[in-house]
Amino acid sequence: MQKKFDLIVIGTGSAGTAAAMKCKKAGWEVAIIDSRPFGGTCALRGCDPKKILVGAANIIDSVDRMKGKGITGAPTINWNELMEFKRTFTEPVPENRLEGFQKAGIVTFHGEAVFVAEDKIQVGENELTAEKILIANGAKPVSLPINGAEHLTMSDEFLELDKLPARLVFVGGGYISFEFAHIAARAGSEVHIIHRGKRPLENFEADLVDVLLERSKEVGIHIHLGTEVKSIEKIDSSFKVIGENGSESLELDCDLVLHGAGRVPNIDEMQLEKANVEREPSGITVNEYLQNVSNLRVYAAGDAAATEGLPLTPIASMESHVVASNLLKGNQKTPSYKVMPTVVFTIPKLAAVGLSEDQAKEKGYNYKVKVLQKDISSWYTYKRTNEKHAMVKVIIDEDSDQILGAHLIGQEADELINHFALAIQFNLTTYDLKQMIFAYPTAASDIASML
Ligand SMILES: Cc1cc2nc3c(=O)[nH]c(=O)nc-3n(C[C@H](O)[C@H](O)[C@H](O)COP(=O)(O)OP(=O)(O)OC[C@H]3O[C@@H](n4cnc5c(N)ncnc54)[C@H](O)[C@@H]3O)c2cc1C
């Protein structure tokens, strides 16, 4: 087995794959390692399987909204069948990814990679040496200081459940909790979300989050804010979750307690100290070229790298391309974080791109920030499907007329946010956007009226 490489990539997700493929294509000897089935989080345990479940939940919600408006009957989710459908997407991924690597001539290793020297990686029995190493390890759920934290079920396991339990409690009010809670509620479970802070989904605009909270409550999701989970007790086959809200305590009996309290870089077990690789709480410390600041042969990308980039698939992939370019041509390329559209796939969806109102003011646009906020639920696009919850907030630089940020809630938010992403990327003004002719009747044809 070959042991010397030009590049070793740790992780077969979006941050690892593109760089491995590009360097191999340029003639480098490349090895790639993963401790889990090849394919990474997004394809196997994140975005893709999740959105299949969201798709089914959307059907339930649409039918529910259109009752008495031409739709009769009440579909239900057959969880087991839905999971089988989901597996038709996820199961082929590891084999396909492996085949892709092998066909390209990349040498593959299964196992936990650890550093044994600045240029050496141990994986199982193999000690591999490389000129360059890319850390693309991704993230893992943060460990929580809760008595009984071992009873928490992780997002990976939720996406593999053969049976959806009747009573679920989510610890933490991040996007994973909200997305899964909306799926489970439409599948008929009783759902609670317990969040420590006063505001969940802190990275999204508060007014729009309030709209989501209103709809979440309407569909039966119980949200407990300002409440800290103290312990999880296992009682026979169920659990008791105990939380504290100031002087008041909260006690919930349930069948499953899920971790939705955030993820951190998965780099604790890598023996980074043996390779002089500097790190910080948010990941591997990198310069503007995504190169580690202390061990120059090491680069990092994706959820494992301490960058301004949000922990999202398109960002991991963009960073992987940046690393590939810097490896092949020398440090020249820097990642751009100007446009990072992000969507919470609840029903309705919540989406954001660019600056929030507060960020725009912090960046010095202070007196020049124009904020347009509209409740758009009465517009044709939403009335047509009897949607009661839709809002838009656009942040504009008054001097240049350019769009600085856009924030949306509604069932069309995921596609609409991409139009605003395009506008921000190419410095379009509101005047430009208003000139654009979009097909009618589509959600995008509302954009001029939003401005
Ligand atoms: C439930 C869920 C839903 C999500 N939904 C979305 C979404 O809708 N849209 C979106 O953009 N993003 C979403 N994300 C985030 C997205 O999945 C990640 O940002 C993205 O997958 C990061 O890619 P990566 O390559 O950095 O890491 P990963 O895809 O996690 O890949 C890292 C790989 O490294 C391997 N690894 C780790 N340590 C070692 C080691 N020491 N040795 C060998 N291998 C190792 C892991 O097994 C893993 O396969 C979601 C995440 C989750 C958990």
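Residues are numbered from 1 along each chain as its sequence is written, and side-chain values use heavy atoms, with hydrogens and water left out. In this predicted model, local features need pLDDT of at least 70 and side-chain atom pairs count only at pLDDT 80 or more, while totals for chains, interfaces and linings use all residues.

The largest nonpolar core has 69 residues. A nonpolar core is a set of buried Ala, Val, Leu, Ile, Met, Phe, Trp, Tyr and Cys residues joined through side-chain atoms within 4.5 Å; buried means under 20% relative accessible area, exposed over 50%, and partly exposed in between, with a 1.4 Å probe and protein chains only. The members that touch the most others are Trp79, Phe158, Leu350, Phe420 and Met450. At least three residues of this core come from domain 2 (149-261), and at least three from domain 3 (348-450); the domain bounds come from an automatic or database domain assignment. A second, separate core holds 52 residues, including Trp28 and Ala305. Leucine 350 has contacts (heavy atoms within 4.5 Å) beyond four places in sequence, among them Leu201, Phe204, Thr342 and Ile409.

A polar side-chain atom of threonine 41 is 2.5 Å from an oxygen atom of the ligand, and a backbone N or O atom of alanine 113 is 2.8 Å from a ligand nitrogen atom. For proline 311, a backbone N or O atom lies 3.1 Å from an oxygen atom of the ligand. On its own the ligand has 1,000 Å² of accessible area, of which the protein covers 96%; such areas come from the Shrake-Rupley method with a 1.4 Å probe. Helices (H or I, at least four residues) and strands (E, at least two) are DSSP runs, numbered from the N terminus.

Two single residues complete the tour. Leucine 252 lies in strand S13 (residues 248-254) and is buried, at 10% relative accessible area. Valine 169 is 83 residues away from leucine 252 in sequence, but 7.9 Å away in space, C-alpha to C-alpha. Lysine 86, in helix H4 (residues 79-90), counts as buried because its relative accessibility is 0%. Not counting residues up to four places away in sequence, lysine 86 touches Pro49, Ile52, Leu159 and Glu160.

Definitions and conventions
Polar contact = N/O pair within 3.5 Å; in protein donor to acceptor, adjacent residues only side chain to side chain.
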